[in-house]
Amino acid sequence: MPARAFPIILAVAVLLLVAATSLFTVSEAELAIRTEFGAIVGTDYEPGLHWKWPWDQVVKFDRRILTQSYTAETFLTNDNRGLIVDFYVKWRVKNPSVYFQATGGQEDLAGQRLAEIVKDGIKGVVAQRTLEQIVSSERAAVTGEMFGQASRNVANLGVELTDVRVQRIDLPDEVSTRVYESMKQNFSKIASRLRAEGQSANARIRASAEREQTVIIADAQRDALRIRGEGDAEASEIYAKAFSKNPEFYAFYRSLQAYERSLGKDGDLLVVTPDGEFFKYLKDPDKRPGAK
């Protein structure tokens, strides 16, 4: 190798080394800060290729939403009953500088401190309520209050909470049976009260319906009797006008009706005097009274 080529190769190697230690990339899923001897000198890097001094350090964080679950955490209610709560949090880095100063960029440490803050929020919400209130209240309202308290307390970590959810609420084994019986008695009282109110309403509705039925039937019977009476009166008037035109024919017609009702049945026995008026139309028609 010629002696004059060595300095050129050395210069190129130095340039490549400087370039390798002076350039860094940031992806779309990352946040980055640049430090110089421990002091933050650069933040808010967009995705792409960036320049730094060779002695600078670049620290990168995941900018995506992270999820951490926490199980079997015990909290005391307002009536001093223990609750075993499983919950999870979703969070992401919002301010890289504050996040780095508070946690050193360690995700595990950030998760621990975040868990303590969320636990304090859950503890405050649970301590303000009794066991029955927590079980019977809307979970969305309780979760919303937990999320609000925790969100206000994580700002000094440089992170943002996106969700806090209670996955499961259990009771310790020594009190679960007692609490269950107590709740069962309370719900039984409520059921008895509702059942009594329903029976009272049922009796009231039935009495009203029966009274209305009686009134309707009485009005209908009254109208029926009135209409029937008017019809009978009109019929009697028509019959009277018709039969008054020929009284003898009317007497003959009534006698035929009497004969039909009294004669012609097997086993009937009729005892009358021979000279009675009953059979006057069966005898000689010329002998009946008024015959011509």
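Contact means that heavy atoms lie within 4.5 Å. This tour concerns a predicted model, in which local features need pLDDT of at least 70, side-chain atom pairs count only at pLDDT 80 or more, and totals for chains, interfaces and linings use all residues. Residues are numbered from 1 along each chain as its sequence is written, and side-chain values use heavy atoms, with hydrogens and water left out.

Select Asp-86, which lies in strand β7 (residues 82–93); strands (E, at least two residues) are DSSP runs, numbered from the N terminus. Is Asp-86 buried or exposed? Asp-86 is buried, with a relative accessible area of 16%; buried means under 20%, exposed over 50%, and partly exposed in between (1.4 Å probe, protein chains only). Leaving aside residues up to four places away in sequence, Asp-86 touches Tyr-70, Thr-71, Ala-72, Arg-165, Val-166, Gln-167 and Arg-168.

Next, select Thr-35 in strand β2 (residues 30–36). Thr-35 is also buried, at 6% relative accessibility. Its contacts, not counting residues up to four places away in sequence, are Ile-40, Val-41, Asp-56, Gln-57 and Phe-100.

**Second stop: a loop residue**

Select Asp-44, in the loop between β3 (39–42) and β4 (48–51). Asp-44 is exposed, with a relative accessible area of 63%. Its phi is positive, at about 55°, although Asp-44 is not a glycine.

Side chains of opposite charge can pair when their charged atoms come close. A salt bridge is a side-chain nitrogen of Lys or Arg within 4 Å of a carboxyl oxygen of Asp or Glu. The whole structure holds 11 salt bridges.

Select Lys-60 and Glu-30, whose closest N and O atoms are 4.0 Å apart in a salt bridge. Lys-60 lies in strand β5 and Glu-30 in strand β2, so this pair ties together parts that are 30 residues apart in sequence. Lys-60 is partly exposed at 38% relative accessibility, and Glu-30 is partly exposed at 23%.

Move to Arg-64 and Asp-62, whose side chains meet in a salt bridge at 2.9 Å, N to O. Which of these residues is exposed, and which is partly exposed? Arg-64 is exposed at 52% relative accessibility, whereas Asp-62 is partly exposed at 23%.

**Last stop: a network**

Finally, select Asp-219, Arg-222, Asp-223, Arg-226 and Glu-230, which are linked in a network of salt bridges. Within it, Asp-223 pairs with Arg-222, the closest N and O atoms being 3.4 Å apart. Asp-223 is partly exposed, with a relative accessible area of 27%.

Methods. Helices (H or I, at least four residues) and strands (E, at least two) are DSSP runs, numbered from the N terminus.
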